[in-house]
Amino acid sequence: MNGPLDLRVLVLLLAGGIVGYVAYRHPAAGTALLVGVAVVTLLYMLLGPGNGGPPSQ
């Protein structure tokens, strides 16, 4: 899909909404989710294209 909103964007928006709701309802879980998101983001940046990660399309 090469439209304005492809499937990856929709999945990320859905995941962000769910995580935001859980963090709102359970503040202690929000801290753990924030740390998890930070770790995944860091790994994605380190292993992204140009760093030996999956090729970009």
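Residue L47 lies in helix α2, which covers residues 27-47, where helices (H or I, at least four residues) and strands (E, at least two) are DSSP runs numbered from the N terminus. This is a predicted model, in which local features need pLDDT of at least 70 and side-chain atom pairs count only at pLDDT 80 or more, while totals for chains, interfaces and linings use all residues. Residues are numbered from 1 along each chain as its sequence is written, and side-chain values use heavy atoms, with hydrogens and water left out.

The protein chain has 2 helices and 0 strands, and the helices that the text refers to are listed here.

| Helix | Residues | Residue placed in it |
|---|---|---|
| α1 | 7-25 | G20 |
| α2 | 27-47 | L47 |

The axes of α1 and α2, which are lines fitted to C-alpha atoms over the stretch in contact, with angles from 0 to 180 degrees between N-to-C directions, come within 5 Å and cross at roughly 140°. That makes α1 oblique to α2, since angles under 35 degrees count as roughly parallel, over 145 as roughly antiparallel, 65 to 115 as roughly perpendicular and the rest as oblique. The contact (heavy atoms within 4.5 Å) is made by V19, V22, A23, Y24 and R25 of α1 and by P27, A29, G30 and L33 of α2.

The C-alpha atoms of G20 and G30 are separated by 7.9 Å, with the two residues 10 apart along the chain.
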